[in-house]
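Subject: Handover of a structure and summary of findings

Dear colleague,

Please find below the structure that I am handing over to you. My findings follow directly after it.

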Amino acid sequence: MTENGKPKLAMYWASSCGGCEISVLNIHENILAVDEIFDLAFFPCIADFKVSDVEGYPDNYIDVCLFNGAIRNSENEHMAQLLRQKSKVMVAYGACSHVGSIPALSNLTSREATLKKVFLDNPSLDNPHEVLPQTSVHTPEGELTLPEFYHTVKKLDQVVDVDYYLPGCPPEPPQIWAVLQVVAGALTQGDPLPPAGSVVGAGNSAVCDECDRVKHEKAIDRFYRPYEIQPDPEQCLLEQGIMCMGLATRSGCGALCPTVGMGCRGCYGPPAGVEDQGAKMLSAVASVIAAGDETMEEDELETLIQEAVDTIADPSGTFYRFSMSHSILQRVKDANGKGAA
Amino acid sequence: MERITIDPITRLEGHGKIEIFLNDEGDVANAYLQIPELRGFEQFSIGRPAEEMPRITNRICGVCPEAHHMAATKALDDLFDIEPNETVKKLRELFYSAFYVTDHTVHFYALGGPDFVLGPDADPAERNILGVIHKVGVDIGKQVIACRKRNHEVIAMLGGRGIHPVAGLPGGWSKAMTEEEREQIEGFAEENIDFAEFSLQLFHDLVLENEDYVNLVLSDTFTHQTYYMGTVDDDNLINFYDGLIRVVGPEGEELIKYPSKDYTEHIAERVEPWSYLKFPYLKSVGWKGFVDGKDSGVYCATPLSRLNAADGMATPKAQEHFEKFYETLGSKKVNGRYQPVHHRLATHWARLIELLYAAERMLELAQDPVITNQDVRPVVTSTPTEGVGSVEAPRGTLTHHYTTDENGILTDVNLVVGTTNNYAPIAMSVKKAAQGLIKGGEVSQGLLNQVEMAFRNYDPCMSCATHSLPGQMPLEVKIHDADGNLVETRQQYID
């Protein structure tokens with residue numbers, strides 16, 4: 001690497017799908033501008049830098065690290081600590097590092113159940129001796145080792161300090177480019193950075209505020225699965241009984257999913273000021289369920305509401321589809337109330 | 001005894017590891033490719049509503065979310081026993097063709113191509129997409145960027161989002177196409193055809209005109225004789241979206257052809273205690289270990305294997321290149337079809353022929369009069385039980401298998417994904433590359449590059465394979481002396 005005074009950019013994936021890297025590539029021709037503004041210091045997806053390079057950097061050598069992926073095992077955690085140490089600004093990039101995302105649905109089950117399902121109990125297996133992967137195996141030639149994975153999926157700020165959060169699964173390219181421009185302005189021209197701990201590259205309100213669908217005060221008496229109904233193209237999906245997390249999800253994507261007739265699933269995490277996305281969605285759902293009328297007895301009303309709630313398929317896996325690690329619960333506990341690590 | 005560990009910086013992050021053991025003569029005794037991670041989609045998807053799977057399983061891989069989205073959507077068709085109408089099928093295939101164009105483009109120019117464009121011995125610091133642009137010129141680099149851009153635009157237009165699309169429904173698609181969109185996509189498809197032909201010409205000029213590269217492609221180090229899998233249409237021509245899964249043997253004879261719902265009759269997966277990834281093999285042939293040949297159930301599912309498994313391409317320009325491919329590589333026709341090409345590095349060429357096919361198919365679909373019909377979202381009332389769906393992912397046949405209760409809540413999930421099919425052949429290729437390079441304890445300086453190339457032609461996506469890893473595989477080679485002392489460490493990222 002040449003020392004040319006350009007700010008140093010890193011991007012790293014922990015337990016992730018690679019979609020965050022592709023989202024950066026999807027700023028398309030602006031990637032050439034990023035190449036002009038920044039020096040890459042570490043970016044496994046597109047450049048051949050090594051971890052030993054990172055280990056050799058002085059502390060705070062990297063100006064900005066975009067860290068994506070959840071913390072699934074001890075090695076993910078180690079890399080988070082190493083990059084935190086070497087980076088001035090640590091950004092939790094994308095839903096996994098922000099709130100846990102899809103991998104954190106694992107927190108609804110257990111490590112043991114996962115191993116059983118994958119290696120002992122599925123229809124294409126040929127495993128008569130019930131072999132399970134082992135952390136240490138002695139072959140004729142020598143020992144082979146494998147790491148162990150965590151019981152609980154964590155988000156980045158549960159293992160290191162995070163300066164900024166860039167939400168989305170993955171973040172939307174126009175938002176990414178806007179954030180990179182702000183960062184570049186701060187690093188090269190001394191422009192102010194947002195306050196530490198801020199969510200960047202997103203709005204502060206809810207997805208509903210950027211959704212063009214028309215909202216009424218319409219109450220519903222049941223929910224529909226997305227294949228059970230042909231939604232009206234103009235009207236709010238939730239008001240039609242199609243589960244949509246827009247009310248409990250931070251704005252910033254431009255309401256992409258509702259625009260094509262599919263309910264929001266909450267990948268941008270909770271809106272500003274909301275701690276628990278699932279709890280917020282539960283109260284939003286309660287507010288759209290038809291509350292009956294004044295002539296009804298209380299138990300009649302309760303039945304009405306319960307019947308409507310019963311039509312919601314998989315409430316925990318839906319309301320916390322993307323934010324299990326960020327939820328107050330964090331994971332399903334075992335019978336003894338234990339569940340961590 | 002000396003041991004060489006090719007280790008993804010894994011002890012730091014755990015993405016994949018190769019252990020090479022040398023015998024007393026210093027030659028390779030054995031090599032193990034280990035995959036050290038697991039995310040467990042099959043378990044945590046249980047309890048979720050089945051119709052969410054296209055939007056959950058696309059998070060297996062952000063490089064090919066469209067493939068998981070589509071396999072999941074087709075599994076829902078089967079689960080709910082609903083046949084999509086012609087418009088839905090063609091809309092999905094159009095979307096899928098745009099995805100293939102962008103995915104194969106990325107592999108050739110950013111991932112696999114640098115080895116050829118810049119050369120296997122190029123400076124690692126230059127051996128990336130920016131190095132390619134420096135070599136071939138910024139104008140070509142801009143063409144590559146423009147190709148990705150327009151096709152991701154199509155993916156977002158039809159699928160709702162550019163990455164992790166959302167439109168798949170049982171028997172349907174959430175969004176119909178407008179005439180304006182159709183016209184735009186038609187134009188994009190024409191540009192894609194030009195781009196694909198340009199890329200094939202580039203391959204011809206850079207690789208086929210270079211004797212050293214041709215010798216490398218044809219060398220024994222990068223050759224394996226295995227079974228080949230691919231999805232074919234009624235005429236045994238390649239189709240990425242739908243068809244029957246066909247497997248041919250090393251000499252080109254058809255072994256089996258089956259609908260994906262029968263996959264458990266034909267494929268089984270072995271578990272080894274030293275890896276979190278399973279090894280699929282052909283049941284009727286049987287598992288004989290990590291060996292080549294007709295008696296070994298090892299099979300391969302890549303662009304090369306799709307060409308080998310098919311009788312040809314369904315579009316005219318791609319068909320011309322298909323014929324040129326086999327003629328150039330010395331394949332003979334037996335019973336009307338070309339015998340398989342076994343040179344793994346020819347996979348790069350096969351990938352570009354598929355790129356051209358995807359572009360041509362995209363144009364055909366964009367010009368199809370039914371494509372803009374608005375009836376794409378049926379109301380489904382059937383009771384779900386069990387469903388299987390498959391597509392050809394760019395990295396191999398991808399199968400999703402779901403079982404639900406009567407409310408469509410998942411009770412069982414099994415996934416056999418693209419790269420997983422290739423786990424055994426990749427492991428074999430790595431071993432062979434190591435054997436070819438390490439003699440008498442001398443570790444060639446070219447080892448890393450060559451091992452990378454042995455990997456790269458498969459375009460392995462460990463994110464898909466383990467439902468856990470990112471699409472790139474960082475490797476670290478550690479060389480230990482007989483006393484176990486670390487002699488040398490070299491690291492490289494391979495994708």
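Predicted model: local features only at pLDDT ≥ 70, side-chain atom pairs only at ≥ 80, totals over all residues.

The largest nonpolar core holds 247 residues, and within it A:Ala10 and A:Phe67 touch the most other members. Helix H4 of chain B, residues 86-112, supplies the largest share of this core, with 14 residues. In soluble globular proteins, nonpolar side chains tend to be buried together. Setting aside neighbours within four places in sequence, A:Phe67 has contacts with A:Tyr12, A:Ala80, A:Leu83, A:Met90, A:Val91, A:Ala92, A:Tyr93, A:Ser97 and A:Leu156.

Contact between the chains

The two chains meet through 74 residues of chain A and 84 residues of chain B. On the chain A side, the elements that give two or more residues are the helices H1 (19-25), H3 (51-56), H4 (74-86), H6 (111-119) and H8 (256-259), together with the strands E4 (71-73) and E6 (125-126). H6 of chain A gives the largest share of this side, namely five residues. Classified by residue type, the side of chain A that touches chain B consists of 37 nonpolar, 24 polar and 13 charged residues.

Strand pairing also links the chains. Strand E6 of chain A pairs in the parallel sense with strand E9 of chain B (residues 267-270), over two bridges. Within this pairing, A:Leu125 is placed opposite B:Glu269 of E9(B). The open sheet concerned has three strands, in the order E6(A)-E9(B)-E10(B), and its pairing is mixed. E6 of chain A and strand E10 (279-282) of chain B each have a single partner strand and stand at the edges, so one side of each is left without a neighbour in the sheet.

Domains of chain A

Chain A is divided into domain 1 (8-102 + 152-189), domain 2 (110-151) and domain 3 (207-319). Taken over C-alpha atoms, the centres of domain 1 and domain 2 of chain A are separated by 31 Å. The contact between these two domains involves six residues of domain 1 and five residues of domain 2 of chain A. On the domain 1 side, E4, H4 and strand E9 (149-154) of chain A are the elements that give two or more residues. That side of domain 1, where domain 2 of chain A is touched, has one nonpolar, three polar and two charged residues.

Chain B

Chain B contains 17 helices and 20 strands. Of its 495 residues, 64% count as buried. Among the contacts in chain B with a separation of 6 or more, 69% are between residues 24 or more positions apart.

Strand E6 of chain B, residues 227-232, is mostly covered, with six of its six residues buried. B:Tyr227, B:Met229 and B:Thr231 point one way from this strand, while B:Tyr228, B:Gly230 and B:Val232 point the other way, and all are buried.

Which strands does E6(B) pair with? One of them is strand E11 of chain B (residues 299-300), in the parallel sense and over two bridges; here B:Tyr227 stands opposite B:Tyr299. Another is E7(B), which pairs with E6(B) in the antiparallel sense over five bridges. In that pairing, B:Met229 has B:Val247 of E7(B) as its bridge partner.

Strand E7 of chain B (residues 244-248) is in turn joined by four bridges to strand E8 of chain B (residues 254-258), and these two run antiparallel. B:Val248 has B:Glu254 in E8(B) as its bridge partner. E7(B) and E8(B) form a hairpin with five residues between them, and B:Gly252 in the turn has a positive phi of about 95°.

The last element to report is helix H15 of chain B. This helix covers residues 423-437, and its 15 residues reach 21 Å from the first C-alpha to the last, close to the 21 Å expected at 1.5 Å a residue. Because 13 of its 15 residues are buried, H15(B) is largely enclosed by the rest of the structure.

With kind regards

Methods:
Residues numbered from 1 in each chain as written. Chains lettered and ligands numbered in written order. Core = buried A, V, L, I, M, F, W, Y, C linked by C-beta atoms within 7 Å. Buried ≥ 20, exposed ≤ 12 C-beta atoms within 10 Å, placed from the backbone. Contact = placed C-beta atoms within 7 Å. Nonpolar A, V, L, I, M, F, W, Y, C, P; charged D, E, K, R; others polar. Pairing = 2+ DSSP bridges. Expected span 1.5 Å × (residues − 1). Domains from an automatic or database assignment.
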